[in-house]
Amino acid sequence: MHVLVTGCAGFIGSHLCERLIADGHRVVGIDAFRDYYPRPDKELNLTQLALEDKFDMVEADLVDVDLAPLVRDADVVYHLAAQAGVRKSFGAFDEYTADNLVATQRVFAAALEHGCRRVVWASSSSVYGDAEQYPTIEDVTPTMPRSPYGVTKRACEDLAGIYRGLGLSEVGLRYFTVYGPRQRPDMAMRKLCEALYGGDVFPLYGDGGQSRDFTYVADAVDATVRCGETERPLPLYNVGGGEEATMSHVIATLEDLAGREIPLERHDVQRGDVRRTCADTTRARETLGWSPTTGVREGLKQELAWVSALRTSPVG
Ligand SMILES: NC(=O)c1ccc[n+]([C@@H]2O[C@H](COP(=O)([O-])OP(=O)(O)OC[C@H]3O[C@@H](n4cnc5c(N)ncnc54)[C@H](O)[C@@H]3O)[C@@H](O)[C@H]2O)c1
């Protein structure tokens with residue numbers, strides 16, 4: 001199969017490309033190398049892919065690139081490119097509307113026009129905001145984003161509905177806090193690991209009791225691939241790792257794994273941060289045959305080992 005992966009130089013996108021190549025597919029990846037985090041980090045994400053005959057990289061911006069030649073050759077488009085990050089979205093909203101809304105509309109329109117078999121794309125657990133009941137269930141729990149970022153993802157879900165109505169086969173994935181090797185440097189687990197290896201003191205926002213349904217990256221990738229391959233997937237899936245953990249628990253686990261304390265600095269809760277996320281994944285289990293296999297302690301061990309290696313042989 002020929003596939004197109006947008007956001008291929010990013011955290012989840014680079015893992016997805018590696019998995020698709022291991023499965024025997026030919027992959028074209030596209031990325032604009034946005035400066036949300038440093039380009040050398042993204043180039044490092046591509047190290048393995050650069051050695052693969054079945055991988056081609058296109059550096060371009062989805063907001064203005066001619067998508068026709070890219071989409072025409074693709075059986076499936078995995079659209080992961082976006083401007084991520086809850087906090088930054090309270091400023092620079094034009095970047096969020098361009099990279100999330102404009103880019104996604106262009107991908108949907110091109111895929112429809114060129115008869116692409118399926119578009120699988122990244123939504124987010126952020127669409128739920130602070131829910132009244134947990135676990136949150138697709139099509140049951142109301143969506144109430146608490147950040148401009150969440151609003152763009154929620155709007156992408158509406159756009160997807162329009163293109164589905166026009167005949168596009170598309171699947172949106174509400175990823176719940178994905179972590180593991182190559183995690184973005186703005187994310188909490190990555191910052192905690194860095195703090196253990198001489199990086200900045202970790203800024204703990206709130207009392208540490210906020211919890212997340214953490215999802216190991218290989219599990220998130222597995223759900224994503226299944227959405228490209230299943231004959232009749234549903235339009236939306238929660239992708240949650242199944243082991244909800246508080247920030248305090250994550251800190252204690254990392255300290256236990258590393259055998260030393262993490263230097264912390266306490267701050268007030270940040271706007272946009274929700275108290276809790278917890279996914280009902282019945283739908284993905286029943287219709288994709290998916291279930292997460294890596295628990296939080298094992299996943300943290302992998303991320304910690306990766307950060308440790310990075311810090312002993314830094315890039316750039
Ligand atoms: N990491 C998580 O926990 C998480 C949770 C929920 C949803 N998501 C979504 O999953 C997807 C991947 O997230 P990630 O953590 O790997 O982010 P990432 O920032 O590491 O990767 C996104 C990539 O998209 C690229 N990009 C952005 N705008 C582009 C454009 N206009 N044209 C081409 N490339 C562009 C960036 O340069 C970047 O390399 C995103 O859509 C994100 O919103 C991630």
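Which residues of H6 are buried?

1. The model discussed here is predicted, so that local features need pLDDT of at least 70 and side-chain atom pairs count only at pLDDT 80 or more, while totals for chains, interfaces and linings use all residues. Residues are numbered from 1 along each chain as its sequence is written.

2. In helix H6, the buried residues are Ala188, Met189, Arg190, Lys191, Leu192, Cys193, Ala195 and Leu196, where buried stands for 20 or more other C-beta atoms within 10 Å of a residue's own, with C-beta atoms placed from the backbone. Because eight of the nine residues in H6 (residues 188-196) are buried, this helix is largely enclosed by the rest of the structure. Helices (H or I, at least four residues) and strands (E, at least two) are DSSP runs, numbered from the N terminus.

3. The partners against which the buried residues of H6 pack are strands E7 (178-179) and E8 (202-205) together with helices H8 (247-258) and H10 (296-312). Just after H6, glycine 198 has a positive phi of about 90 degrees.

4. Helices H4 (residues 93-113) and H5 (residues 148-165) pack at an angle of about 15 degrees, their axes lying 10 Å apart, with axes being lines fitted to C-alpha atoms over the stretch in contact and angles running from 0 to 180 degrees between N-to-C directions. H4 and H5 are therefore roughly parallel to each other, a term that applies to angles under 35 degrees.

5. Around the ligand there are 30 residues, the closest being Gly7, Gly10, Phe11, Ala32 and Ala82, counted when the C-beta atom, placed from the backbone, lies within 6 Å of the molecule. Helix H1 gives the most to this shell, with three residues.

Definitions and conventions:
Buried ≥ 20, exposed ≤ 12 C-beta atoms within 10 Å, placed from the backbone. Contact = placed C-beta atoms within 7 Å. Parallel < 35°, antiparallel > 145°, perpendicular 65-115°, else oblique.
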